[in-house]
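Look through the sequence and the model shown here before reading on. The paragraphs that follow take the structure part by part.

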Amino acid sequence: MPALVHLPADTPASEVLAVLARDGALILDGMLAPWAVAALKGELQPYVEATPIGRDAFSGDRTTRTGALVARSPLTRTAVMDGRVLALCDGVLTPNCQRYQLHLTQLIRIMPGQAAQPIHRDRWAWGRQMPGVEPQVNTIWALTDFTAANGATQVVPGSQVWPDDRKAQAAEIARAEMQAGSVLIYTGTVFHGGGANVSDEDRWGLNITYALGWLRQEENQYLSCPPQIARTLEPDLQALLGYAMGNYALGYFTPPLPPGEGPETVPPQYALGGADDGTMGGAELLAATIAAAGRTTAVAAVTGSGQ
Ligand SMILES: O=C(O)CCC(=O)C(=O)O
């Protein structure tokens with residue numbers, strides 16, 4: 001059976017990215033101290049206990065999934081904004097977008113008796129398009145120890161280069177066994193799935209994922225963390241939720257007011273009390289768009305195409 005690489009939490013991002021590029025997944029050990037794990041669990045506990053079990057065989061009939069964690073859990077916000085994880089998002093996602101975004105927050109509790117989840121790719125949420133573009137970076141923060149018995153995530157190292165229809169054999173599947181406070185990092189393209197829980201204890205994993213800024217989010221952050229809550233958060237987190245322009249002219253809105261009573265196109269942060277800067281995304285994004293348009297015009301002049 002293959003094993004996932006374990007690296008210490010303070011490993012430089014460049015080294016972590018090299019393993020992620022090769023294997024599609026790895027574990028960062030010691031990301032949270034025991035007291036921080038206990039505090040996070042305590043904050044999430046009332047919501048987790050009140051969460052009904054999954055709705056279908058894929059989400060798990062002995063699994064609970066608790067969301068809206070940016071709105072509900074201040075300590076989850078710290079995990080979402082963890083600089084060590086964002087450095088990995090910078091490396092994987094920024095080559096293909098101006099801004100990446102929060103895709104999902106979910107406490108996944110796998111309870112005794114849960115069967116193994118089908119092995120899948122998370123990127124299939126968007127269909128089978130965009131081969132060659134990595135759309136997603138995932139984390140699962142272990143809030144209990146993850147063991148082969150209690151449902152440690154199944155991961156197929158190196159499978160990010162497989163065709164969609166290849167089925168992993170048992171001997172190709174690693175288990176993300178790790179201590180509470182460690183974090184499984186994996187891409188949206190690597191094959192993986194929740195593990196079976198054949199123990200008598202719950203497995204708690206805090207799943208926080210990030211995606212290219214021009215894709216639809218799995219957890220609708222504008223509804224899970226609406227403006228009245230988002231306005232209390234720090235600006236970088238607001239932007240990660242989606243309360244910022246994703247690119248030039250991507251993500252503006254118009255306050256639905258009677259004629260003449262409000263501005264027309266404004267950036268999302270206007271809904272949080274921010275200023276309307278009078279642009280469609282700021283000078284930097286405008287300059288990038290004009291430069292790209294210039295390149296396109298030059299190519300068209302040479303090739304005679306309109307592309
Ligand atoms: O909880 C896990 O270990 C993985 C869950 C998963 O892959 C999913 O729900 O899509």
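A residue counts as buried if 20 or more other C-beta atoms lie within 10 Å of its own, as exposed if 12 or fewer do, and as partly exposed in between, with C-beta atoms placed from the backbone. The model is predicted, so local features need pLDDT of at least 70 and side-chain atom pairs count only at pLDDT 80 or more, while totals for chains, interfaces and linings use all residues. Residues are numbered from 1 along each chain as its sequence is written.

Helices (H or I, at least four residues) and strands (E, at least two) are DSSP runs, numbered from the N terminus. Two strands pair if DSSP finds at least two bridges between them.

Start with strand β4. Of its 11 residues, 10 are buried, so β4 is largely enclosed by the rest of the structure. Strand β3 (residues 63-66) pairs with β4 in the antiparallel sense over four bridges; here Thr66 stands opposite Leu107 of β4. Strand β10 (residues 203-212) also pairs with β4 in the antiparallel sense, over 10 bridges. Leu102 has Tyr210 in β10 as its bridge partner.

Another part of the model is an open sheet of three strands, in the order β7-β6-β9 and with antiparallel pairing. Its edge strands, β7 (174-175) and β9 (192-193), each pair on one side only. Between β6 (residues 154-155) and β7 there are two bridges, in the antiparallel sense. Val155 stands opposite Ala174 in β7.

Next comes the ligand. Which residues surround the ligand? They are Ile108, Gln117, Ile140, Thr153, His192, Gly193, Gly194 and Gly205, where a residue is near a molecule if its C-beta atom, placed from the backbone, lies within 6 Å of it. This shell divides into two nonpolar residues, six polar and no charged. In this count Ala, Val, Leu, Ile, Met, Phe, Trp, Tyr, Cys and Pro are nonpolar, Asp, Glu, Lys and Arg are charged, and the others, Gly among them, are polar.

Two loop residues remain to be described. Most residues other than glycine have a negative phi. Met130 is not a glycine, yet its phi is positive, at about 60 degrees. Met130 lies in the loop between β4 (100-110) and β5 (136-142). Because 14 other C-beta atoms lie within 10 Å, Met130 is partly exposed. Ala249, a residue other than glycine, also has a positive phi, near 65 degrees. The loop that holds Ala249 runs between α8 (235-241) and α9 (282-303). Ala249 is partly exposed, because 14 other C-beta atoms lie within 10 Å.
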